[in-house]
Structures are given as structure tokens and as C-alpha cells.
Amino acid sequence: MNILVTGGSSGLGKAITQKLAEEKDNRIYFTYNQSEKRAKEISAQYTNITEIKCDFCNQGDVKLLIDTIKQ
């Protein structure tokens, strides 16, 4: 299953991302805005996670998010 978690690098979003990633059949995409270091640390723990920098106020970032998920 493909799953998108917004704000997945800290707090509740991080917990949800990590819990979902425990199921190896899940493909997890999660967004972050300013927490690149934390996002990279989470991605390094799981092979089925992709972190995506996305400021939802920026059209370019949103387009990149959509393009990444489509792959």
C-alpha cells in the first residue's frame, strides 16, 4: 500500500510514519519542511520510506511531491 504522511519527521507524524513502515508491504512517503536532519534519520532506518521536502505554500514543492509519488 502507498501511504502519504504529511509532517512525518516529528511528533505524531513521526510516530505514525515509523509504525506504518514496520509493515514491509507499505510504501511510505512523508513530508517535512524544516527538519531535514530528522527526516534523513527516519529514512535511514527503513527501506520502504521516502522523505520529501514540501512547503505546501510553494507550488514547486507540491509539484515535486506529486511527481515523486507518481513514480
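At 41% relative accessibility, does K40 count as buried, exposed or partly exposed, and what is its class? K40 counts as partly exposed, where buried is under 20% relative accessible area, exposed is over 50% and partly exposed lies in between (1.4 Å probe, protein chains only).

The views show a predicted model, in which local features need pLDDT of at least 70, side-chain atom pairs count only at pLDDT 80 or more, and totals for chains, interfaces and linings use all residues. Residues are numbered from 1 along each chain as its sequence is written, and side-chain values use heavy atoms, with hydrogens and water left out.

**View A. The salt bridge of K40 and E51.** The structure holds 3 salt bridges, each a side-chain nitrogen of Lys or Arg within 4 Å of a carboxyl oxygen of Asp or Glu. Here N and O are 2.7 Å apart. K40 sits in helix α2 (residues 36–45) and E51 in strand β3 (residues 49–53), so the pair ties together parts 11 residues apart in sequence. Helices (H or I, at least four residues) and strands (E, at least two) are DSSP runs, numbered from the N terminus. E51 is buried, at 18% relative accessibility.

**View B. The salt bridge of K63 and D67.** The closest N and O atoms are 2.8 Å apart. Both residues belong to helix α3 (residues 59–70). They are 4 residues apart, about one turn of the helix. D67 is partly exposed, at 31% relative accessibility.

**View C. The salt bridge of K19 and E22.** The closest N and O atoms lie 3.5 Å apart. K19 is exposed, with a relative accessible area of 57%. E22 is partly exposed, at 48%.
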